[in-house]
Each structure stands twice: as structure tokens, then as C-alpha cells.
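Okay, thanks everyone, let me put this up on the screen.

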Amino acid sequence: MDKQPKDVACGSKHSMVLCQGLSRSSRQPHGEVYAWGDNEFGQTGGGGSAVSAIDVVYSPRLVNLEAHYRPSIVKIDCGANHSAFIDDIGRLFQCGANNFGQLGIGSFASQAAPTHVESITETVSSVACGTQHSVALTNKGKIWVVGANKNGELGIGRKYDDQSSPVFMKELSFAKIKQVRSGGFTAALSDEDQLYVWGCGAFGDFFTPHRVKSFKNHQIMDF
């Protein structure tokens, strides 16, 4: 396959690049991901055991998706020590650190190869990896969240602990979301150009989404 870089994502100490080309067998577009850098938790997705994984990957290495019949990847993102991948039929896969449940696989065990997040049955269109949490956006404009919630990263309220299985974010179910971004906090943009934020903040933590009113007279193109 002749490969062309299409996207890049960077974690705390690792990087990934999404390449696309024509499959030699079918001559159809096919997306592959290469990763390198720190691999203490299996975040470069090379496979094997997260406990016995190579500590550092010094040059780009193909992410091991053989267990899922080499799907064509169309979207990628990185958290601090975990990685996420979306294929062309809207399935979400994650690997790497999972001490806060950020992989969304129902356990807190780290994974050295991408694992399918099966509990999200809707088509996933985008993913944003925060420092220790993940946010999945579906093609219907709805949000699923998973991982750390100590500082309100999940936006589902103070009473919830860290989550290892994705939780539907009913707090924004009234809006159709078109874009999400995550770091220590999370931001979401609706199709009406309303910006909502939640999580860790300089002046306190938001445990549920708050609308940013200062942009009410502006059309937000990206953030």
C-alpha cells in the first residue's frame, strides 16, 4: 500500500500518525496507524502484554489491529498515556493506560493492543482523549464519556467516581454536538455554535457542562 499521512496525534510522551493509501488486494482506501515513543502502558498499540511491552518504541511501528481483521482507521487521538482509533464503520478501539478506566472496556487493566469498546453500540464519529479520560461523539451528535472524574472530567456530576464503562452524557442530550476536545477538561461545540465546557479549571472544577456565554455573538469555526 502506498501511504500518505492524513492525521497526527500526540500524547504526553508518544505520537501517532494516520496514513491512508490503496490496499493492494482490493484497491480501496485503507487507513493504517503508526506509533512511537513511550510504551510503558502499551499506548503505542504494538500488541502483546502491557506488562511486558517494550518500554520505548524508537521509530514508527504499525499499530497491531490484526485481532480485528485490520480495519480501515479514519480517526485517531491520544491521551496522556492512552490512544484511540475509529474505523470506517464507526467502531472505537483504545489501548494503553487504563488505571482510571479511560479505555472504556469495563475493567482497569492496561491494554497493549487496541481493544474494541463494545458497549458503545452507536456509530462513533469522533473521539477526544483527555489526560485520563475519553469522550466519544456519535453520528447522532450524542456524547459518551469514560475514565477519571475526580475533577469533573466526565461532566456527569460530582457523585460519580471514575468510570470503566462508557456513560451516556444525558446532561447534553438536549443538544446536537458536532465537535469535542479534551485535555484536563473537556469542551463540546453544538450545531448551533454553543460552546460547553466542564472539568478541571483554574478557578474551580465544573462537574457538569457550562455554556460559555462570551461567544454568543460569534460563530465558532474551530476550537
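Predicted model: local features only at pLDDT ≥ 70, side-chain atom pairs only at ≥ 80, totals over all residues.

Now look at Arg 70, which isn't a glycine and yet has a positive phi of about 50°. Where does Arg 70 sit? You'll find Arg 70 in the loop between strand 4, that's 56–62, and strand 5, 73–78. Arg 70 has a relative accessible area of 36%, so we call it partly exposed.

Okay, next one. Asp 193 isn't a glycine either, and its phi is positive, about 60°.

Is Asp 193 buried or exposed? Its relative accessibility is 17%, and the cut-off for buried is under 20%, so Asp 193 counts as buried.

And what does Asp 193 touch, if we skip neighbours within four places in sequence? That would be Lys 178, Gln 219 and Ile 220. With Lys 178 there's also a side-chain to side-chain polar contact to Asp 193, at 3.1 Å.

Conventions
Residues numbered from 1 in each chain as written. Heavy atoms only, no water. Buried < 20%, exposed > 50% of the residue type's maximum accessible area, 1.4 Å probe, protein only. Polar contact = N/O pair within 3.5 Å; in protein donor to acceptor, adjacent residues only side chain to side chain. Contact = heavy atoms within 4.5 Å. Helix = DSSP H or I, 4+ residues; strand = E, 2+ residues; numbered from the N terminus.
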